[in-house]
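Here is a short report on part of this structure. Have the sequence and the 3D view open as you read.

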Amino acid sequence: MAQSTTQIAPAPPDPGVSEADRRTLERAANGGGTFRTRFRRDRTLVLMTLPAVLLVLVFTYVPILGNVVAFQEYDPYVGDNGFVAVFHSPWVGLEQFSRLFEDPAFWDAVRNTLVLFTLQLLLFFPVPILLALLVNSVLRPRVRALSQAILYLPHFFSWVLVVTVFQQIFGGAGIIAQTLRRHGHEGFDLMTDPGVFKFLVTAEGVWKDAGWGVIVFLAALASVSPDLYEAAAMDGAGRWRRMWHVTLPALRPVIALLLVLRVGDALTVGFEQILLQRDAVGPGAAEVLDTYVWWNGVRNQDFSYAAAAGLIKGVVGLGLVLAANKVAHLMGEQGVYKK
Amino acid sequence: MTPNTSATGPGRRSFLASSAVAAAAVAGGTPLLAACGGSGSGSKEGTTSARDAKKILPAFVARNVVTPDIPSKNGSSLGFTGKLVAADLKTSVPGRLGKGSTIRIMSPFWGSPPKGDNPYYRAMNDKIGVNVVWRNQDGNTYDEKLGAVLASGDMPDVVVIPGWNMGGRIPGAVISKMADLGPYLSGDQVKDYPNLAAIPTDAWRRSLFGGKLHGLPMPSSYVTNIVPYYRKDVFDEKGYDLPTSAAGFLALAKEITSARAKVWACDDMKWTAFNAFGVLPGSEKPLGWNLVDGKLVHRVETDAYLEALEWTRTLYSAGVVHPDAKAQNQGDSGLRFTSGEVLVYNNDLSHWWARTTEQASQNKKFRIAGMDVFGHDGGEPALWAGSPAGIFAFVSKKASETVVRDVLAAANVTAAPYGTEEYMLTNYGVEGTHYTVEDGTPTKNDKGNQEVLNAFVMLASPAPTIAHPDRPDIAKAQVEWQQRMGARTKKSTFYGLQIIEPARYTHLSDDFEQLEDDIVRGRKKIGDMQRAVSDWKRRGGDELRDWYRKLLDDNGSAQG
């Protein structure tokens with residue numbers, strides 16, 4: 001959901017430097033020479049990255065090893081602690097996976113995750129871009145600052161609060177239903193209707209985080225030189241043509257990057273938000289992969305089973321990032337990384 | 001909160017925990033067996049036979065410090081409704097038993113915990129002669145942390161585990177990681193700790209895990225603690241009669257409900273439905289089996305189970321249930337009740353007093369009362385007994401003998417019966433600091449309400465006690481309700497036994513609670529439940545039946 005919050009937009013490529021020139025510049029920056037000489041020269045920098053590397057190793061790479069429990073019947077209580085228990089737990093091969101594939105609830109979760117992702121991509125992803133264009137067209141600094149503040153604010157509300165507010169407004173005893181009843185109409189209950197649940201979740205996401213997503217796009221827009229607009233205007237380009245030929249091309253690398261990241265993260269469609277509302281419509285409509293893992297792993301303590309589900313999610317996610325990145329390259333964009 | 005109400009007080013999840021007491025991974029061949037074997041008491045999965053139990057269980061020595069005004073009957077708690085005269089308080093623990101160890105205790109806490117160093121904890125520590133360091137954790141999400149803490153190498157000296165948090169592999173963790181208290185308490189040894197010796201044997205029997213005495217119990221009444229509460233003030237004003245059958249309830253609910261006026265008849269009534277239709281308990285796995293005409297039947301296989309769900313479903317489809325209850329995790333059912341948006345809700349027995357005192361200053365007209373559970377057909381309800389002990393404290397296997405002895409010393413103080421100085425200190429704190437006594441009625445002040453909460457009462461408690469010196473009328477009503485319901489309560493086959501199912505069945509019944517909620521809210525059909533039940537039988541339910549059958553043939557039931 002909050003796919004764009006922490007990504008920093010890369011500087012748009014300097015149009016004045018050709019690809020060949022850029023390669024030369026890079027080589028110069030690498031400095032050539034043997035690994036040893038380069039290491040001696042950069043050792044201060046290497047040292048400075050060490051804490052970060054350590055953190056990544058300890059908190060990201062070491063835990064990956066924990067995935068071996070997906071091939072066990074893991075019991076955390078054999079042996080002195082949870083780590084030792086891995087060595088004492090029996091191996092069961094792919095049994096957890098076959099259990100998983102036979103479980104209709106797992107496939108419900110997969111389906112819900114994909115539907116939600118698609119909905120979010122269609123209904124949520126474009127909103128920050130449109131908002132950014134809108135805010136960017138506001139010229140008076142005070143109005144602009146105010147509208148930005150209003151847009152960013154909902155991001156800082158917790159999900160508990162957002163869900164409660166939605167319940168109080170759209171729930172069966174909410175403001176709208178009660179107002180309708182007072183005027184002699186039937187009430188309604190949006191919050192417990194499995195049919196609209198995914199739209200509801202997407203709407204909540206838009207309300208909460210679309211404003212926050214604007215930041216990245218605004219930053220990209222700020223880097224567009226006013227000269228370009230002036231030149232275009234001189235050539236007789238109207239508002240729409242300026243947007244089409246100047247603004248959007250400037251945003252394209254950012255949009256492509258965020259799209260790649262979003263697609264790579266497709267199986268992550270929100271956790272807390274969904275967990276909070278899961279019981280209102282039942283897991284058939286609301287369970288997604290993350291809540292499925294949580295429910296089985298943390299609540300039912302079926303650790304190995306949950307690990308298997310999590311592993312599948314991770315592997316599919318990796319494939320999606322690679323695929324999306326490839327597509328970005330084919331479109332002539334930078335993507336997340338380049339060989 | 002009095003100790004017995006805190007046993008039942010926590011969030012609504014406690015009664016729903018379908019994953020309650022479950023299996024431990026001690027099936028043949030796993031290293032765990034080696035880690036905990038060798039006591040000569042047989043296999044670790046299963047239960048402790050009556051013969052073995054006799055050797056392990058602590059002796060019972062009754063203590064009549066203060067004679068209860070209402071003696072226990074039909075499994076009810078003891079009721080105290082008289083005045084409390086400070087000068088008459090007895091001393092049940094002369095001197096200090098503690099040797100000054102530092103004891104780290106992890107325990108669930110409902111509410112916001114006080115500072116670690118506060119006058120209540122200091123006074124308790126001083127009384128016991130130990131230094132207890134509390135690691136209070138949010139009680140509503142306790143099960144989410146418990147597993148990780150038990151699996152870590154750095155487990156606290158004492159871990160408090162409510163019965164409803166003993167899902168999954170937790171009982172196995174108790175066996176492999178917790179100290180055997182038998183050498184300290186079995187038989188006459190318990191007499192070193194007279195207040196522990198006065199804990200009813202049924203509660204101790206529930207503390208036997210895999211043939212050893214592992215837990216310090218918080219005894220509770222086995223009578224159902226789910227009370228269908230109603231707004232007596234509104235019922236009296238409007239002249240509603242209490243329902244005496246399932247159909248009567250529905251008719252009344254339709255009469256009460258006026259969505260336009262923002263009044264709905266009730267909150268989710270699933271638990272009451274289970275009681276009204278005589279469904280076997282779902283709180284703990286073994287309690288859900290019963291021997292009928294020589295055959296073990298599980299609660300999900302009974303017609304009563306389906307009928308109860310169908311009836312609850314009717315309540316929802318008739319629109320008499322508050323919409324926020326339909327959304328399940330939204331808001332607080334207690335708040336909907338006190339604000340008058342619902343007139344009936346079910347919750348545990350402690351709410352009777354808690355709601356009354358809470359509303360005393362806010363809404364003078366407010367009256368809460370519990371209606372008797374009605375039989376679905378208008379006759380007497382057929383109720384089933386729950387567990388005679390709800391919460392347990394376990395000592396880590398790594399704790400030294402001195403620490404274990406100090407924990408027992410602490411438990412001996414917290415288990416002091418009503419009418420003693422120790423009971424007052426444990427449940428009310430220090431006079432003047434935490435409560436004041438006026439006319440024989442101790443009243444906690446703000447500091448008392450903030451500090452004298454949970455913590456020490458979780459360690460071990462006296463026989464189930466209900467006493468509200470500030471509202472003796474409510475204590476009386478609560479005990480009498482228990483006695484009336486107790487008269488209609490039967491014990492299912494495995495009542496009172498701590499049974500550990502084989503690991504392969506651990507997750508067999510995980511999905512039923514979810515399905516129940518889907519069905520009553522109209523998202524799934526009764527037919528889905530019937531399918532789930534036949535699936536359950538095929539995937540292990542029938543095997544599990546045979547397993548229980550063998551257990552019964554080998555060990556007999558606790559009552560036997």
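## A covered strand in chain B

Strand S4 spans residues 158–162 of chain B and is mostly covered, with 5 of its 5 residues buried.

| Partner strand | Sense | Bridges to S4(B) | Facing residues |
|---|---|---|---|
| S2 of chain B, residues 102–109 | parallel | 2 bridges | B:Met106 opposite B:Val159 |

## B:Phe80

B:Phe80 sits in strand S1 of chain B, residues 78–80. Why is B:Phe80 classed as buried? Because 25 other C-beta atoms lie within 10 Å, and the cut-off for buried is 20 or more.

Some contacts of B:Phe80 come from elsewhere in the chain. Beyond four places in sequence, B:Phe80 touches B:Pro68, B:Asp69, B:Tyr418, B:Thr465, B:Ala467 and B:Ala475. B:Tyr120 is 40 residues from B:Phe80 in sequence, and their C-alpha atoms are 24 Å apart.

## Confidence in chain A

Chain A has an average pLDDT of 85, and 90% of its residues score at least 70. Residues 1–12 of chain A stay under 50. The model still gives this stretch 29 contacts beyond four places in sequence. Where pLDDT is low, predicted coordinates should not be read in detail.

Notes:
Residues are numbered from 1 along each chain as its sequence is written. Chains are lettered from A and ligands numbered from 1 in the order in which they are written. This is a predicted model: local features need pLDDT of at least 70, side-chain atom pairs count only at pLDDT 80 or more; totals for chains, interfaces and linings use all residues. Helices (H or I, at least four residues) and strands (E, at least two) are DSSP runs, numbered from the N terminus. A residue is buried if 20 or more other C-beta atoms lie within 10 Å of its own, exposed if 12 or fewer, and partly exposed in between; C-beta atoms are placed from the backbone. Two residues are in contact if their C-beta atoms, placed from the backbone, lie within 7 Å. pLDDT is the predictor's confidence in each residue, from 0 to 100. Two strands pair if DSSP finds at least two bridges between them.
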